[in-house]
Amino acid sequence: MVSIYAPLIYVAVLIGAMYGVSVFVRKSRSIPNEFVSEEWFGKNYARSYFFQLLQQNPPVSDTIIKAGLVLRATEALRQLMRLKSSRMALNVLLNRGGVGDDLVRKFSRLEKETELELMDIARTANSLQPGWNQFIFQSCSEIIENEKILQQVDEIPKDLEKISNRWSSEKQLYEDAENERRLEAQKDLGVL
Amino acid sequence: MAPRTEQLEAPQVKLENLTEEEQFIQEKLNSYARSISTFKYPFAIPPPFPPAKPNLALSTQVNKMKQTANEAFKRKRFEEAKKLYTLALQLALNRCSWEPAVLTREEVSTMLCNRAATELSLSQFPEALADANASLKIRNNYGKCYYRKAKALEAMHRMDEAKQVVRDGLVLAEPITRNELVSLWATYTKEN
């Protein structure tokens, strides 16, 4: 005997399933945080530190705020440079069809956010010192270049270790080969 | 009296409840604020460099050290020359981050290259190769450095790599020192 609730249960399960699926899809598609695109680069500590500085309650001196702004701007410039180099790679992938739409959308949102951040920094710089926005980014790019040079010099000891390990292992072989040659030459002379 | 108060003027900041990365940023900010305040820029801002002049005093000091080290090298006092080149390198690296990176690049790569030359004369081949590598990474088109690197590789019996380095050096934007490389190339091809 077929129950009278069977069609009702069927309809209820159907609607429940469709509702569940729609909630799930909506949640996975909507972008939860504001700055999730910033999660591409990892948390931007320079920026959060700068905002903490601004909120300090005996307010910090001007010099410190300007220094904090320079650090924030350096970080933003570094992100911009990384984005520019990744953009080329993304274009190639897009042409070859290896990348989906989602990534492209995320990437353009990332670019937009970086642009807005830079404009915000320029505006803050101008408010701290009129006319500063013209050359803050120039100073920041010089800072980035100098830091790269310092990093190269710091890597010398590691390089040195690798090379001396290789050389110490090869040196023994060469010395042995030389000694053998010398012995043979001596033997020839001795024989002669 | 006056020097005392000027020393106390360098503003520092210390916030509470910071993560490790934020503490790192705070230290960078403190050192940055200290170096800016020693220069007494009008608004505690690193100036734009085409109007302002970079720290020429530092450049002249580095050049003087380089000349004394060159003298020591000519008189075959290699240990002393190496020490002097290292000192000059430290001086050149102490330049402030916001000054034009071009100057730092030139000075640092020249010092590293000359130090490689002294190490070659002292038969410290791994050190010479490490220095030459770093110098090339900092400045791509430095001809003398390719020459020194090739000599170091040759001394460690890595002939193929040495020939590749000479070939690279002849191609990659060489200002003036191609002659040494050309003669080196001639000796390599004659050996065959």
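This is a predicted model: local features need pLDDT of at least 70, side-chain atom pairs count only at pLDDT 80 or more; totals for chains, interfaces and linings use all residues.

Me: How many residues of chain B are in contact with chain A?
Reply: 48 residues of chain B are in contact with 40 residues of chain A.

Me: And how much area do the two chains bury between them?
Reply: About 4000 Å², with 71% of it on carbon and sulfur atoms. On the chain B side, B:Leu15, B:Leu29 and B:Ile45 supply 14% of the area buried against chain A, more than any other three residues.

Me: What's the count of salt bridges between chain B and chain A?
Reply: Two. B:Arg105 forms a salt bridge with A:Glu145, where the closest N and O atoms are 2.4 Å apart. Over all chains, the structure holds 21 salt bridges.

Me: OK, which residue does A:Arg182 form a salt bridge with?
Reply: With A:Glu178, and there the closest N and O atoms are 3.8 Å apart. Both residues lie in helix H6 (residues 156–191) of chain A, four residues apart, which is about one turn of the helix.

Me: Switching to helix packing. In chain B, at what angle do H5 and H6 cross?
Reply: Helix H5 (residues 101–121) of chain B and helix H6 (residues 125–138) of chain B cross at roughly 160 degrees, and their axes come within 8 Å.

Me: Why call H5(B) and H6(B) roughly antiparallel?
Reply: The cut-off is an angle over 145 degrees, and theirs is roughly 160 degrees, so H5(B) and H6(B) are roughly antiparallel to each other. The crossing is left-handed.

Me: Which residues make that contact?
Reply: From H5(B), they include B:Arg105, B:Val108, B:Leu112 and B:Leu120, and from H6(B), they include B:Phe125, B:Ala128, B:Ala132 and B:Ile138. By class, the contact has ten nonpolar, two polar and five charged residues.

Me: What about H3(B) against H5(B): at what angle do they cross?
Reply: Roughly 15 degrees, with the axes of helix H3 (residues 56–74) of chain B and H5(B) coming within 12 Å. H3(B) and H5(B) are therefore roughly parallel to each other, and H3(B) passes H5(B) in a left-handed crossing.

Me: Who meets whom there?
Reply: On H3(B) you have B:Ser59, B:Val62, B:Lys66, B:Asn70 and B:Phe73, which meet H5(B) residues including B:Leu103, B:Glu107, B:Met111 and B:Asn114. That contact has five nonpolar, six polar and two charged residues.

Me: Over to chain A. How do H3 and H5 cross there?
Reply: Helix H3 (residues 62–96) of chain A and helix H5 (residues 136–154) of chain A cross at roughly 75 degrees, and their axes come within 9 Å. H3(A) and H5(A) are therefore roughly perpendicular to each other.

Me: And which residues meet?
Reply: Among them are A:Leu69, A:Val70, A:Leu77 and A:Met81 in H3(A), and A:Ile136, A:Phe137, A:Ile143 and A:Ile144 in H5(A). By class, it's ten nonpolar, two polar and two charged residues.

Technical notes:
Residues are numbered from 1 along each chain as its sequence is written. Chains are lettered from A and ligands numbered from 1 in the order in which they are written. Side-chain values use heavy atoms; hydrogens and water are left out. Axes are lines fitted to C-alpha atoms, for helices over the stretch in contact, and angles run from 0 to 180 degrees between N-to-C directions. Helices (H or I, at least four residues) and strands (E, at least two) are DSSP runs, numbered from the N terminus. Angles under 35 degrees count as roughly parallel, over 145 as roughly antiparallel, 65 to 115 as roughly perpendicular and the rest as oblique. A crossing is left-handed if the near helix is turned anticlockwise from the far one by less than a right angle, and right-handed if clockwise. Contact means heavy atoms within 4.5 Å. Ala, Val, Leu, Ile, Met, Phe, Trp, Tyr, Cys and Pro count as nonpolar, Asp, Glu, Lys and Arg as charged, and the others, Gly among them, as polar. Buried area is the accessible area (1.4 Å probe) that two parts lose on being put together, summed over both. A salt bridge is a side-chain nitrogen of Lys or Arg within 4 Å of a carboxyl oxygen of Asp or Glu.
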